[in-house]
Amino acid sequence: MAKIVVDPITRIEGHLRIEAQIEGGKIVDAWASGTMWRGIETILKGRDPRDAWTFVSRFCGVCTTVHSIASVRAVENALGIQIPDNARIIRDLIMGFQTVHDHVMHFYHLHGLDWVDVVSALKADPAKTAALASSISDWPNNASVGHFKAIQAKVKAFVESGQLGIFANGYWGHKEYRLPAEANLMAVAHYLEALDWQRDIIRAHAMVGAKNPHPQTFLVGGMSIPVDPNSQNAINAGTIAALLDCAEKALEFVEKVYIPDLLAVASFYKDWAGYGSFGNFLSCGEHPDANGKYYFPAGIVMNRDLSKVHPLDHKKFAEYVSNSWYSYAGGDDKGMHPWDGETTPNYTGPKTTYKELDTDKKYSWVKSPRYDNQPMEVGPLAKILVAYASGHADVKGVVDMVLKKLDVPATALFSTLGRTAARGIDTLLTAKKLQGWIMELAANIKKGDYRIANTDKWDPSTWPKEAKGVGFHDAPRGALAHFIVIRDGKIANYQAVVPTTWNAGPRDPRKQRGPYEASLIGTPVANPEQPIEIIRTIHSFDPCMACAIHAVDASGKEIVQVKVR
Ligand code: NFE
Ligand code: MG
């Protein structure tokens with residue numbers, strides 16, 4: 001039986017290939033292959049653990065900052081370092097702005113055009129578009145007929161020039177695009193507005209992180225940016241006011257544009273609440289308060305059972321390479337805990353342009369992480385489901401509101417649509433936290449607490465001969481964990497188990513599929529020549545292959561069997 005191949009999957013970070021078998025109009029099996037090799041983990045060996053955060057930040061520029069966070073946490077965990085409260089809050093702000101920025105950009109710029117037909121927007125009536133848009137939100141531009149006319153003229157000029165630019169090569173006109181022309185025009189307008197908005201709000205990273213991408217004020221033991229109301233070169237009253245402005249703009253766009261658009265678009269695609277998920281979820285917890293209690297809890301939900309949340313224990317992590325282009329000294333069928341993990345590339349795939357991968361053998365550069373030997377989905381859906389099942393009041397409130405508005409049962413969460421909705425819920429709740437964190441920082445400053453770093457264990461002579469640590473961060477794409485082994489003051493081993501590694505990994509020695517693979521099964525495909533359905537589910541995970549494989553795009557294979565966008 002012929003496979004259909006989507007390679008490359010575009011509007012993601014990095015290089016991903018999906019092969020799928022379709023029978024009776026549905027996907028019956030699927031394989032995910034990460035087609036580039038990276039290797040930052042290997043260049044960390046022998047370096048100073050205090051420098052690791054700046055190297056690992058370069059795993060990726062999309063989820064910029066997240067690897068620095070996980071790295072300093074891993075070293076602090078290994079050495080038993082407690083960070084001051086101001087550092088905890090500044091890290092929350094960096095993470096929080098990153099999550100809100102990243103998710104809004106994913107919805108509009110990476111995932112939106114799976115549901116929104118740009119070309120159809122040309123047929124919309126701008127007056128009716130303004131009526132529709134102002135019926136769902138009082139965002140000022142939504143009432144402006146002139147605004148929608150101007151956007152339409154812009155898109156028309158693109159299309160007529162024959163150079164669609166960023167909108168090129170979509171499956172425009174595919175019958176599975178279901179929005180009326182006016183809803184398409186509204187969404188395209190917000191796509192463009194979101195581009196301006198994101199530039200503005202991410203200035204927060206420059207204020208507390210010195211720059212974006214790759215904020216550079218991290219430090220093992222805290223942060224390196226001073227807090228001092230009497231200095232122009234520190235976090236002062238002016239910074240607090242500017243941060244509050246960014247936080248307000250962030251929340252306003254999420255409440256008035258993203259969430260109303262998400263609900264409006266989702267209402268046309270409710271059948272997508274019926275497939276696209278396999279049911280195991282892992283969340284590592286995020287945003288510890290001053291007492292260490294997480295705002296989003298850590299935990300495990302198995303087999304769609306929301307009546308039970310299992311505690312998270314990293315000792316149950318193991319990475320497999322039976323189907324990945326690596327070899328393990330002790331045999332490729334063994335699972336390795338990341339403290340003992342190995343990154344030894346062993347490419348056994350085809351040498352030249354190929355039509356199909358031999359998926360009975362190694363077929364991906366992504367490893368296969370397993371929890372207690374089970375594949376796990378990580379990301380906003382896992383974060384929200386673990387919190388929901390834990391009885392988290394804020395999460396329950398928003399989830400129940402979304403289910404009610406869409407008129408779907410809680411089981412609808414286990415799906416592609418549920419994953420896309422959960423990302424919106426995560427964004428809204430995180431955007432709502434920003435102001436509070438800024439006020440906590442202001443209150444500390446007011447009390448005269450300017451402490452930003454704990455340097456008691458800065459000197460390696462204070463360290464034990466050997467120490468092991470783990471640093472978790474629930475990043476935009478999900479549970480991230482960095483594992484470090486420090487020996488004689490140097491990095492003896494460093495392994496990152498990354499969200500997209502969990503989600504995009506291939507089969508394991510038990511032949512269990514990875515989450516992308518398992519989630520595609522059962523999805524109907526209307527036209528195998530234009531498999532938009534594969535793209536929808538894969539994009540709903542927000543793939544980042546650079547993170548998943550953690551260096552350099554080596555070969556750039558071009559194997560486009562299906563024209564994809
Ligand atoms: Ni490069 Fe990343 C996030 C991490 S990976 S995007 O969020 O870690 O999936
Ligand atoms: Mg890794």
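**Entry 1: Glu-193**

I looked up the contacts of Glu-193 and found that Glu-193 touches Trp-139, Asn-141, His-147 and Phe-253, leaving out residues up to four places away in sequence. Contact here means heavy atoms within 4.5 Å. I noted that this is a predicted model, in which local features need pLDDT of at least 70 and side-chain atom pairs count only at pLDDT 80 or more, while totals for chains, interfaces and linings use all residues. Residues are numbered from 1 along each chain as its sequence is written, chains are lettered from A and ligands numbered from 1 in the order in which they are written, and side-chain values use heavy atoms, with hydrogens and water left out.

I placed Glu-193 in helix H7 (residues 181-201). Helices (H or I, at least four residues) and strands (E, at least two) are DSSP runs, numbered from the N terminus. Is Glu-193 buried or exposed? Glu-193 counts as buried because its relative accessibility is 11%. Buried means under 20% relative accessible area, exposed over 50%, and partly exposed in between (1.4 Å probe, protein chains only).

I also checked Glu-193 against Leu-480, which is 287 residues away along the chain; their C-alpha atoms are separated by 30 Å.

**Entry 2: strands E11 and E12**

I found that strand E11 (residues 478-487) pairs with E12 in the antiparallel sense, over seven bridges. Two strands pair if DSSP finds at least two bridges between them. Val-485 stands opposite Asn-493 in E12. The two strands form a hairpin with two residues between them, and Asp-488 in the turn has a positive phi of about 50 degrees. Strand E12 (residues 490-497) is mostly covered, with six of its eight residues buried.

**Entry 3: ligand 1**

I counted 13 residues around ligand 1, the closest being Cys-60, Cys-63, Thr-500, Cys-544 and Cys-547. A residue is near a molecule if one of its heavy atoms lies within 4 Å of it. Helix H3 (66-79) and helix H13 (499-504) each supply at least two residues of this shell.

Which side chains have an N or O atom listed with an oxygen atom of ligand 1? For Thr-500 the distance is 2.5 Å, and for His-67 it is 3.3 Å. A backbone N or O atom of Arg-477 lies 2.8 Å from an oxygen atom of ligand 1. A polar contact is a pair of N or O atoms within 3.5 Å.

The iron atom of ligand 1 lies 3.1 Å from the nickel atom of ligand 1. The iron atom has a single donor from the protein, Cys-63 (SG), 2.5 Å away. Donors are N, O and S atoms within 2.8 Å of the metal (3.2 Å for Na, K and Ca); water is not among the atoms, so sites may look incomplete. Cys-63 lies in the loop between helix H2 (52-56) and H3.

Terms used. Polar contact = N/O pair within 3.5 Å; in protein donor to acceptor, adjacent residues only side chain to side chain.
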